[in-house]
Every structure is written in structure tokens, then in C-alpha cells.
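Thanks for coming. I will go through one model this morning, starting with charged pairs and ending with confidence.

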Amino acid sequence: MADEDWERLADAYRDHVLAPPVVDADPEVARRRETARMAVGSLYTGGRRPSLAFLLIMERWVNKTMTFEQVLAEIKELDKLETPLPVGTVRISVCGRRVEHQAAMALVKRSPKMTAN
């Protein structure tokens, strides 16, 4: 990059203003927003990605257009509709039954002088 490009980038960075955080006047809405943020975070921690429908349900609950019982009912219905991703290890199979690989380990300790038949 040329020097003038670096100068323009530095000017843009210097002039950048972060968006102010969401401040809720109602403490109940603030508590609900924090609870919803933690719920979505726990989904990511558990290896799941929240769907758009789930995020919309959470937003309606935060804005007090749904009760907690309604949210639970909607999420249960949503879980029935969405197919979960398979969890666990992938097994090797080629046109037949699956193959479980055994660890390469001797079952009996043998003497180095012993020869096979």
C-alpha cells in the first residue's frame, strides 16, 4: 500500500465512532435482553447455532410481546420442526457394514525368540 493509502486508513480509523450500547429504560427489558444474550451464547458454547426463528422468538420475548410460557411452547414446537445435526464421531464404512478400528496393541506379551508356525 502506498503512504497516502495508509494515511486515509489512519484517518478513517481515527474518525470511527462505535455505536452506543443498547440502554433500556425499563429494567425488566434490560434483564430479559441479558438473559436472551446468555441463552444464545450457551447455544454457541454447546455447538449449536441458533436459527433465525429462535432469535425472533427471543426478540419478541425481550420486547414483552410474549410471555415466558409462550416462549417455551414456541421453542418446543421449533425443536420438533428442526432436524438436529448428528453428534459424535464419524465411522468409516464403504458399501457395507461399518468398520471399527482396533488399537494396534499386543494381547499377549511374546518372547522375541518365539516364531510363528
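Which residue forms a salt bridge with Glu-28? The partner is Arg-31, and the closest N and O atoms are 2.7 Å apart. By salt bridge I mean a side-chain nitrogen of Lys or Arg within 4 Å of a carboxyl oxygen of Asp or Glu.

Before going on, a note on the source: this is a predicted model, in which local features need pLDDT of at least 70 and side-chain atom pairs count only at pLDDT 80 or more, while totals for chains, interfaces and linings use all residues. Residues are numbered from 1 along each chain as its sequence is written, and side-chain values use heavy atoms, with hydrogens and water left out.

Back to the pair. Glu-28 and Arg-31 are three residues apart in helix H2, residues 27-45, so about one helical turn separates them. Helices here are DSSP runs of H or I with at least four residues, strands are runs of E with at least two, and both are numbered from the N terminus. Glu-28 has 27% relative accessibility and counts as partly exposed; Arg-31, at 45%, is partly exposed too. The cut-offs are under 20% relative accessible area for buried, over 50% for exposed, and partly exposed in between, with a 1.4 Å probe and protein chains only. Salt bridges with shared partners also bring in Arg-32, giving one network of Glu-28, Arg-31 and Arg-32.

Glu-34 is partly exposed at 35%, whereas Arg-37 is exposed at 53%. The C-alpha atom of Arg-37 is 9.9 Å from that of Leu-55, which lies 18 residues away along the chain.

The structure holds seven salt bridges, and one more deserves a mention. Glu-74 and Arg-60 meet at 3.8 Å, N to O. This pair links distant parts of the chain, with Glu-74 in helix H4 (residues 68-81) and Arg-60 in helix H3, 14 residues apart. Glu-74 is partly exposed at 35%, and Arg-60 is partly exposed at 38%.

H3 and H4 pack at an angle of about 175 degrees, with axes 10 Å apart. Axes are lines fitted to C-alpha atoms, for helices over the stretch in contact, and angles run from 0 to 180 degrees between N-to-C directions. H3 is therefore roughly antiparallel to H4, a label for angles over 145 degrees. On the H3 side the contact includes Phe-54, Ile-57 and Trp-61, and on the H4 side it includes Val-71, Ile-75 and Leu-78. Arg-60 and Glu-74 are also among the contact residues. Contact means heavy atoms within 4.5 Å.

In the loop between H3 and H4 we find Lys-64. What is phi of Lys-64 near? The value is near 65 degrees, positive in a residue other than glycine. Most residues other than glycine have a negative phi. Lys-64 is partly exposed, at 41% relative accessibility.

Finally, confidence. The mean pLDDT of the protein is 78, and 72% of its residues reach 70 or more; pLDDT is the predictor's confidence in each residue, from 0 to 100. Where pLDDT is low, the predicted coordinates should not be read in detail.

Methods
Angles under 35 degrees count as roughly parallel, over 145 as roughly antiparallel, 65 to 115 as roughly perpendicular and the rest as oblique.
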